Amino acid sequence: MQENTISTAHNPKIKKLLALQQKAAERRKNGVFVVEGQRELQHCINAGLEIDSIFFCPEILGNNEDVLETLFQTARCYAVTAGVYNKIAYRGGTEGIIAEVKQKRLLLNDLQLKENPLLIILESVEKPGNLGAVLRSADAAGADAVIVCDPLTDIYNPNLIRSSIGAVFTVPCVACSTEECITFLKTKGIQILTAQLQDSNIYYDTDMTCSTAIVMGTEATGLTDAWRQAATRHIRIPMLGQLDSLNVSVSAAILMFEAVRQRQL
């Protein structure tokens, strides 16, 4: 149902929207996060998430306004002026639509894994852009899930959603502790491949056709000892230059697509 056009950023609904964008504590407290753009919102709907409120700018939306009728019939819809929309939009080219979406947090036991699953594990990932890029690659590689252990960033961070171009909704993503994840993987009989330079084999010499979890740490500190000790095997990407590490999202893409290559042979 559409209400009167909101013309000021001092409106309480706009203040709440901005707080949800900017503060993880607000997202946790309200159980709601912000999604911007028609494509990303469609991914939300396809994933079974519930749209709570829609904020749209008729001037920007233009002839696409019918998406409000076809996609968001059950959501509360608020028209905003171009000036207000420019204050709440955090990126360009998003068709003039921003929504508040109800969170749906998965647990490890919620994951429905197929035979010989491929999981990507990230420990203490800090930058939303890196996690978003990993999720995007995980979608492309058909990974079963991305598990974030001891996370330092909120999986509903707007920058993460933006950098993943909605893959955070297409790939199951679970946040948990390292200990919980290790127990889960061992219970399921999933081999643990830790990416590390020390005491490791070249990644393409390692069998990834069985149930596999590829585990990566931060670029600065790598993985904790808990993962090194729990690992089935340690793997590494050859470094032929003067530097000793790649961006974690690049490394994750290399390793998961090696698993794809092996499984398609």
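Contact, throughout this tour, means heavy atoms within 4.5 Å. The structure is a predicted model in which local features need pLDDT of at least 70 and side-chain atom pairs count only at pLDDT 80 or more, while totals for chains, interfaces and linings use all residues. Residues are numbered from 1 along each chain as its sequence is written, and side-chain values use heavy atoms, with hydrogens and water left out.

**First stop: S137**

Select S137, which is found in helix α7 (residues 128-141). Helices (H or I, at least four residues) and strands (E, at least two) are DSSP runs, numbered from the N terminus. Is S137 buried or exposed? S137 is buried, with a relative accessible area of 16%; buried stands for under 20%, exposed for over 50%, and partly exposed for values in between (1.4 Å probe, protein chains only). Now display A253, M256 and F257: S137 is in contact with these residues, when its neighbours within four places in sequence are left aside.

**Second stop: the nonpolar cores**

A nonpolar core is a set of buried Ala, Val, Leu, Ile, Met, Phe, Trp, Tyr and Cys residues joined through side-chain atoms within 4.5 Å. Select V101, L131 and L135, which touch the most other members of the largest nonpolar core, a set of 50 residues. Helix α12 (residues 248-263) gives the most to this core, namely 6 residues. Another core, of 21 residues, lies apart from it and includes I121, V174, V215 and A231.

Next, centre the view on L131. Not counting residues up to four places away in sequence, L131 touches L122, V125, V146, V148, T153, I155 and L160.

Move to E219, in the loop between β11 (212-216) and α11 (225-230). E219 is partly exposed, with a relative accessible area of 40%. Residues up to four places away in sequence aside, E219 touches N130, L246, N247 and V248.

**Last stop: the cysteines**

How many disulfides does a search of the whole structure find? The search finds 0 disulfides, a disulfide being a pair of cysteine sulfur atoms within 2.5 Å. Select C173, whose sulfur is 9.9 Å from the closest cysteine sulfur, in C176, and is therefore too far for a bond. C173 is buried, with a relative accessible area of 7%. Finally, select C210, which is in no disulfide; the nearest cysteine sulfur, that of C181, is 16 Å away. C210 is partly exposed, with a relative accessible area of 30%.
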